[in-house]
Amino acid sequence: MIITRSWLEEWINLSDISTAEIVKTFNSIGLEVDRLVEYRVPSKIIFGKILECEKHPNADKLNVCQVDIGSSIRQIVCGASNVRVGLTVAVATLGAQMPNGLLIKPVKLRGVDSDGMICAASELGLVDIGKGILEIDASMGECKLGDAVSNNPFFNDDLIEIELTANRGDCLSIRGVARDLSAAFDRPLKEYIVTDNDDKRGIGRILSLSYEKSLYVNLNYKALDLKALKVPTLVKLRLAQIGENCERAVEAMLLYVTQSTGVILRAYRHDFFVNDDEKIAKVTLEEDENACACIKGSRSASIVGIMQNDNSKMQNSEGVMLLEASYIPPDIISKKILESKIETGPMFYKTSRGSEPALEAGLAYCIDLLEANSSSTTYSGRVELLNSYTEKIVIITKQEIDEIIGAKIDKAIVVKILKNLGFNISKSSLNKFVISVPQFRHDIVNKQDIVEEIVRMVGINNIPSKPFVLTEANRLEDNYFEYKKRSSLRKRAAQSGFYETVHFVFDEKKVLNSYGFVTIKEELELLNPIVQTLDTLRPTLLTGLLKSVSNNVKNGYSSVRIFEIGSVFTPSREESYSMAFVFSGEKENESIVNAGKPMSVDFAYFVQKISDVIGSVELREKRTTHTLSHNFQSAVVVQNGENIGELFRVHPNVEKEYDLPITFMCELDFSKISCGLKIAKKTSKYQASFKDLSLVMPQDMSYEKVKEVIVSANINNLVRFYPVDKYIDETLNDNMSLTIRFVLQSIDKTLEEKDIISAMDSILASLSSELGIGLR
């Protein structure tokens, strides 16, 4: 998109802003400047007027002109074919240094004195706008004779080429670009004032429009009786600056208006639509074979937004002309072209990217320009087809705007930006913006688009930088962590010498009831068990493991270590996971170390194996509710202060029933087993001290009571304690001697003897007062 500074200033006041600042602003709001060209006419080139023009006596192609330059009249020899009396021209006076390096000085051309040069546009350093000298008219503003051409803003202009992204069709016009600048500089956009110089003759006398379907098209027609149209110098210059060259005056004027306003315009011959012996042009909107909106008379004139047939165009600058302004949504027209692959015209690029829908203003701008540069008259009224526009509404809160941007933007600034960009926010509430997207902004569809507009205008460099933080919601669900836990415990169990086994979730109800397990309620039981020995859902893993141990022992294995992780069910059929272990027979294989006589597994050894798998545990004496366990070798397993299961030796009667050697079992609630991250704790670098106390206590007093008293005493520097010896003899009567080892260690220093003695005295005092026991 090519614009010039002076052209922009027709739509927005930039008089106090430098071109450098404009370029900087373009780049900051996302309209990247690709090229900047400064047109500067040299000094000593002034405006003049040709008073006389006679043929050179000695040269057929030269003319001798008398030129009024304000302060005097100069004789200048000129060879341009278009030189004539009455023209206002640019005159390079003596001493002027031309852009190509030529120095203007007095010369004789074929014997005739020449004091200066009448210049063509290219000789001034401007773009070439045609053969011959530059003809200056009223469109170039005030051109007082003798004034320097360099003082005229139209001659000394800045050309800016902007690289637009494909979605910014709203900026494919000078007015569209000015609209963005108005938001960036917080300056009002100049609206075009529609004037009414129409003739009394109504357009209905000469034009009718018929259609069956609107085909998503907006049309607006005016009619002119065109006479003596001339393209003004400013239009020629600006079209040349944007690289356009139109041979026909009408096409040049329409192209200029489209470039300025963004409205797509076409000019038709009135007689193209007139049938024999009729005066009214009958224009029809139809759908053609490619499902495109086609303008027709007796034959096709154009396809809306795509192309116009040459035979329907105005061939000269006189006659009755139908002027059409059209709009069609870009997504519709782009889709049609993609499907049909038909030939397109020069305006298709603008329509496919999104043209300006304000047809009335664009049409009025064009009419005024045509009337100002011709003797034309305009028929009153207009013929139009308007489709209602369904507003696009985007709702976004102030908080959402700040969160997406990553910074707080003042609400007043947000409101001003949105209004300046043409968004309607009249329905907004205190903290919620209800934004109606204008029809010309085809690229705005969601909240992110709105925020992008705000960021563009605020300026990315004006938003404070923040460290990049990537936050992502944890997509790992409970079943993943359960899988990881199960996998970890399986590996630990295998490392500790256990083999995994898997059983059906079904078991025999009769056997379960015989051992005291509560089975599924009768009304919830299996309706069609696969076999009679698997007629209920298992409430425990233990009975299935016992059968597997028995089978292995019968197959000659002297040591059986197995585990299982599986589902168990409550009487209400509520499912949960359990983990169970069985260790039966010998601790180890026969070897020279044990002289071929390995010892059987015992309670302490089995507890250590379980601890190797699930981590540190405590045991508390407790009988089980079922009859699989030994009456005096059973305990509840405690981890992190919570009961997580039971551990016991199998009752001798059960061992005999299954032909088993000494066997230990453990069943744990899988969900309660600790398997999280280990948290590192600070440890002391100083030496630990060990102190043993032998206590005399009743034989029926549990160690648990002693432990609770010591823990509640809260002894400083006491790291841990544990029993190491138990002694009973006749001299102690009903008492026993329990030796407990205490480990003391300070974070800050090596403990002295007095520190250790003080700690031991405190422990003994608590035991004496709470339990009535003391040293042996």
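Mentor: Before we start, helices (H or I, at least four residues) and strands (E, at least two) are DSSP runs, numbered from the N terminus. This is a predicted model, where local features need pLDDT of at least 70, side-chain atom pairs count only at pLDDT 80 or more, and totals for chains, interfaces and linings use all residues. Residues are numbered from 1 along each chain as its sequence is written, and side-chain values use heavy atoms, with hydrogens and water left out.

Trainee: Which residue follows α4, and what is its phi?

Mentor: Helix α4 spans residues 233–241. After the helix comes a glycine with a positive phi, near 85 degrees: glycine 243.

Trainee: How many residues of α4 are buried?

Mentor: Buried means under 20% relative accessible area, exposed over 50%, partly exposed in between (1.4 Å probe, protein chains only). The buried set includes Thr233, Leu234 and Gln241. That makes α4 mostly covered, with the buried count at eight of nine.

Trainee: Which element gives the most to the lining of the second largest pocket?

Mentor: On a 1 Å grid over the protein atoms alone, a pocket is an open set of points where a 1.4 Å probe fits, with protein on both sides within 12 Å along at least five of seven lines; lining residues have an atom within 4 Å of a point. Here 35 residues form the lining, and Glu244 and Leu255 are among those nearest the centre. At least two lining residues each come from β10, α5, β14, β18 and α7. The top contributor, with five residues, is α5.
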